[in-house]
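The following note sets out points for a colleague reading this model. Please consult the sequence and structure alongside it.

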Amino acid sequence: MKTNLIRIGAALSAVLVAAPAFAQELTFWSWRQEDRAAYETFIDTFEAANPGITVKFETFEAANYNTILSTALAGGVGPDVMMVRAYGGMENVASAGYLEALTTESVPALADFAAPAIAAESMRSDGTTYAVPFASQTQLVIYNKALFDANGIAEPQTWDELKAAAQKLKDAGVIPFANGTATAWQNETVTFGLGSSLMGKAFYDELMAGTADFTDARFTGALGEVAAVAAEYFPDGFIGLDYPSAQQLFSSGMAGMFIGGSYELATFKTQNPDIELGVFAAPGKTAEDAKLVGLYFDGGYAANAAGANKEASVKFLNYLASQEFGQAFANTLNNISTIPGVTFDNPLLAEVNDLNKSSIPYLMLAHFRYGEPSGSVLIQGEMQKLFAGETAPEAIGEALTTGLAAWYEPFKK
Amino acid sequence: MPQLRMTGRGLWITALIVPPLAFVALFIVYPIVSAFAYAFFDWQGLKRLDFVGLENFHTVLFVEPYRSWTINAFKNNVIVFFALMVLQNGLGFILAYALWRELPGARFHRIAVFLPVVLSTIIVAYLFKLFYHPLFGVVNITLKGIGLGWLAQPWLGQSGTALGSIIVAQAWHMVGFPTLVFLAGMQRIPSEILDAVRMETESEWVKITKIVWPLVAPSATIVFTLLFVGAFNWFELPYIMGGLDGSPFGSTDVLGLYFYRTAFGNVSAGQQDFGLGSALAVLIFIFIAIVAGVITTRLRAREIQL
């Protein structure tokens, strides 16, 4: 009896000692503190299908995530798998050689992703992809359905209809737009959420081809229209109104519209579960002009090039690129997954996904954040000046073009 | 000269001195020296590339857009320093004098004046952000309530008022500190001197200018120097109230924010450059060290003169 116990004990401890040798533990870093519960579930699904691999999910503060991540990677204590930002933020980490290059051989599902999504997670210099893109965000106009119905307003088809709708709300004592521009980055959101259709796809294409720059009348004209709407239909003193207050104005029902990203939808629902939301793309001058939303990709999942468990990491990335994961991601996190073929339970998300079919990239983020000064920093400051009446749209076009010429080749003369 | 043998007393002294020296070397000297070293290299993200000599310094001082950012941030720091000199230290002196004269309620006010200093900067920043709120803020509502509605402003959104509004918040927060230092200085003035003055004059003004002010000169040295260092290292309040970009369009930008943005990047810029950031940090450090040194020696000399 006693010897049996000892034998069992010895066998058990042998298993316990040997177990770590079989199990591969992956660390997975993220800035999405608020999504922890959802990710734990996704990971459980993965672990059930891949015995022997465990994944530990760790989150860090969003604003400093890139700093924390690059410091850890530089010090050789980085995670095996991690969320990385898109565009310039991704290049910052990838260019230092910390990320494992991904191919359609290591992650076959990448072949089916939309080209702009892949581009967001690839180096511009050689087109190498470093991450599996996870979500797209859309800059558009969100509105309060109850307030629109009560005032007999339909989704506007032209710029004049948009102004008429705002006027109706104003006459009814409702703040037409909740937005404020004291928080710098909100200026960029407002500019492109409202102005993309006025700028138009032709302007975007010519800008990319290098045949147009920001002094183009289509661009400066759009800025002027946006500023005119802001002056008339944004809250009193909106230039001193910060982002959280603007969100509150909208979710509390004091304002009828909010120019913002699709990421706001979940926030508004949390702040006020009773609110009924609608979305539309801000219209162009005429009803025939294409209604464009500003589209960008949020970030991706990448593997550490120097990680000890690379094989397991790539296996996990393949799961994160699978349709099964994309569907779960869209359903639980209410985000637009970039994985092709995903459907949306939430009708609003389905609508946003439809609007995405007619879009231009969220301009400054997608193309002008690769040098100093970044296009985002410039447009944010310049729009604040415009809203305060301290500059003119033409001067902004000039300032953007000459400012970006410091590093953007096509603008160099 | 007696030789310090590694026995008994000598061992004791060594054992007591080495740990704090090591601590200082590791946590103070090493970071400063390495920041100096970082500034001389080219960086890609957080990866160190080639030695570039003084290029980073040249870039932040003379190459656009860094040049105008540096000048703008520096200019704002100078404004902050002089404004706080008046609002924080000037008011602090007056408050200290009033408290020292034991006006009615001095005991209560002594605590009331010092109380904000104890509050966390975050709390003060959010409090004042609410005060300045364009729609619901106490400031605008009060102005409208007393018929001065035309004075109501989007305080934190205008280039003309944003920095001033944050300075007022800072002065409110920290005015208790110079008050306390000045008050302590005043309480150290020997009563014989005060009795002697009372024989000569009844004028408060003469008392302040001829007796109190000269005799609290050491306190003035301390608060002036600390204010200088504080004003040029200012970060928390503008960060919370204006944001990392010094919103609106750089009017609340200060060297601290500018350094942070340059070295660590921010969401809108997406770039991080340790070399330029370190160069800035080194310049800020040298500037503060030199000027603070000059201020201290000049003020010390003045203490003796007075």
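1. Chain B contributes 30 residues to its contact with chain A, and chain A contributes 37 residues; two residues are in contact if their C-beta atoms, placed from the backbone, lie within 7 Å. The side of chain B that touches chain A comprises 13 nonpolar, 14 polar and three charged residues. Here Ala, Val, Leu, Ile, Met, Phe, Trp, Tyr, Cys and Pro count as nonpolar, Asp, Glu, Lys and Arg as charged, and the others, Gly among them, as polar.

2. This is a predicted model, in which local features need pLDDT of at least 70 and side-chain atom pairs count only at pLDDT 80 or more, while totals for chains, interfaces and linings use all residues. Residues are numbered from 1 along each chain as its sequence is written, and chains are lettered from A and ligands numbered from 1 in the order in which they are written.

3. Chain B has 14 helices and two strands (DSSP runs, H or I of at least four residues for helices and E of at least two for strands, numbered from the N terminus). Its radius of gyration, taken over C-alpha atoms, is 24 Å, well over the 19 Å that the globule rule gives for 306 residues, so chain B is more spread out than a compact globule; the rule is 2.2 Å times the number of residues to the power 0.38.

4. The C-alpha atoms of chain B fill a box of roughly 75 × 70 × 30 Å along the principal axes.

5. In chain B, domain 1 covers 1–29 and domain 2 covers 56–123 + 155–305, with bounds from an automatic or database domain assignment. The centres of these two domains of chain B, taken over C-alpha atoms, are 37 Å apart.
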